[in-house]
Amino acid sequence: MKPVIVWFRQDLRLSDQRALAAAAATGAPVIPLYILDDVSPGAWAMGGASRWWLGKSLAALAQSLSALGSRLILRRGEAAATLCGFARETGADAVYTQAAYEPWASALETRAHNALGSHGIALKRYPGAVLKRTDTLRTQAGEPFKVYTPFWRALLASGPPALPEPAPGRLVAPKAWPRSERLASWGLQPHKPDWSGGMAAEWQPGEDGAKARLEQFLETRLSAYHDDRNRPDKPGTSRLSPHLHFGEISPAQCWHAAVIRAGGTAGTGLETFLKELAWRDFAVHLLVHWPTLPEAPFKPAYARFPWADDAAGLTAWQRGRTGFPIVDAGMRELWQTGYMHNRVRMIVASFLVKDLLIPWQAGQAWFWDTLVDADLASNAASWQWVAGCGADAAPYFRIFNPVSQGMKFDPDGAYVRRFVPELSLLPADVIHAPWLAPRLVLDAAGVTLGETYPCAIIDHGHARTRALAALKAVTAAA
DNA sequence: TTTTGAGTTGTTCGA
DNA sequence: GTCGAACAACTCAAA
């Protein structure tokens, strides 16, 4: 019997993995394959933080497969050609995979389909990491949605996502295993310097880590999720995003586990969590139907926005040296752990785009490189939302005040203290605006503005006025 | 076809 | 100190 290949991509798990389950069900020998592809045209090559995660996740997947008597074969190169060559090399007659939705990944699937097909090898494609197939949800006029709430209602009306499938109990091994590259040779882990210490302390990549995180979330955080998710000083969010991005757990698994755990006593936490899961689908929906989302403003008028060319401002923002404590705390959390609390993402994004007038694409690129959960669809949709040029975007006058946001969502300053230790001795009432603190208070905390901690690089009130004027000009010209 | 209600996440000002 | 209105106008989705 000819073997079949399971081409793993953004679905690095064994349970609720339809491609794997279907391949196993054939009874044929199964060859699991992962291809590192940095060269496909249009591909967004993974950033540094994502590569760190990928390396750990692939190691975990390989271990899980070996427990089933199987292996994970690793290859590198343009994925369509590499896959086709691999299929011929192994004599496989079919490739099973779960779809990915980035424009370049879809194009890659088409190329792979054609290349394999010309050798009589089938490419069997299953829905990827979404609750509902992205092509099934449409307005009554047959158009894709541009507003979230109707999208959410349509998603709910279409019924719950498919029930998760268990992992296959066994996989038939091929007579001889094909050659595999060594994971260590891919250089995914940083060295000289190794900046991954903060990430390793925070995360457990892989399917087991994903399941543990989900369990912990459901057990301790779901009931208070509606309120606590906005508090960066509390462990209120699910922190499932990197696991979901790499497909170590499926959104359907999260959905059904949460519904079961809530047990019919539908508290506010459940619906809020399910809506957050649906936001991932909405971002994919937008990217599929508007493939230029990561590059160009969804609202074309914003092409005329008078962006600033501010290299110094961008660097200060990236390094967490803007002089606004909540912004700096967020940017440093990102740098150290590969993650940033969602509320703080909005604050730092608003600061970059509206206070500094730096193009949202620059912020998107930085997040792409530094986030362990960097996801093309969510990243692009969210940056455009903050910038005001996206689908269902924030109104132009919504400009976050970094001081009041800090006081509201980090009232004791615990989050700032954790990531901006040079301010840790400041009392809570001034920690979000140290320039307002009396000299004596600063001295007592060992803070000298401009020396131990930067002076604010901009006056927010002035910046706000400037942004409103710029935004008004864009819409007036339209 | 036309109409109508609604639209993730905010801030500021003045009564 | 609290509270409601203003901040624009537009576009979407559905009736």
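## Glycine 27 and helix α1

Let's start at glycine 27: it sits just after helix α1 and takes a positive phi of about 80°. Keep in mind that this is a predicted model.

Helix α1 covers residues 18–25 and packs on a sheet, where it touches β1, β2 (30–36), β4 and β5. The direction of α1 makes about 150° with that of β4. Which residues of α1 are buried? They are Arg18, Ala19, Leu20, Ala23 and Ala24. The cover over these buried residues includes β1, β2, β4 and β5.

## The sheet under the helix

So what does that sheet look like? It is an open sheet of 5 strands, paired in parallel, and the order is β3-β2-β1-β4-β5. At the edges you'll find β3 (73–76) and β5 (122–126), each of which pairs on one side only. On average, neighbouring strands are turned by 30° against each other, if you ignore direction.

As a reminder, strands of a sheet pair through backbone hydrogen bonds, and they can do so either parallel or antiparallel. For a parallel example here, look at β1 (residues 4–8) and β4 (residues 94–98), which pair over 4 bridges. Within β4, tyrosine 96 is the residue that stands opposite valine 6.

## The nonpolar core

The largest nonpolar core holds 135 residues. Which of them touch the most other members? Those are Ile5, Val6, Leu33, Leu83 and Val95.

Take a look around valine 95. Setting aside neighbours within four places in sequence, valine 95 is in contact with Ile5, Trp7, Leu83, Ala87, Leu116, Ile121, Leu123 and Lys124.

## Around DNA strand B

There are 16 residues around DNA strand B, and the ones that come nearest are Tyr148, Thr149, Asp392, Arg398 and Asn401.

## A look at valine 259

Last stop: valine 259, which lies in helix α10 (residues 251–262). Why does valine 259 count as partly exposed? Because valine 259 has 15 C-beta neighbours inside 10 Å, while a buried residue needs 20 or more and an exposed one has 12 or fewer.

Histidine 243 is 16 residues away from valine 259 along the chain, and their C-alpha atoms are separated by 19 Å.

Note on methods:
Residues numbered from 1 in each chain as written. Chains lettered and ligands numbered in written order. Predicted model: local features only at pLDDT ≥ 70, side-chain atom pairs only at ≥ 80, totals over all residues. Helix = DSSP H or I, 4+ residues; strand = E, 2+ residues; numbered from the N terminus. Near = placed C-beta within 6 Å. Pairing = 2+ DSSP bridges. Axes fitted to C-alpha atoms, helices over the stretch in contact; angles between N-to-C directions. Contact = placed C-beta atoms within 7 Å. Core = buried A, V, L, I, M, F, W, Y, C linked by C-beta atoms within 7 Å.
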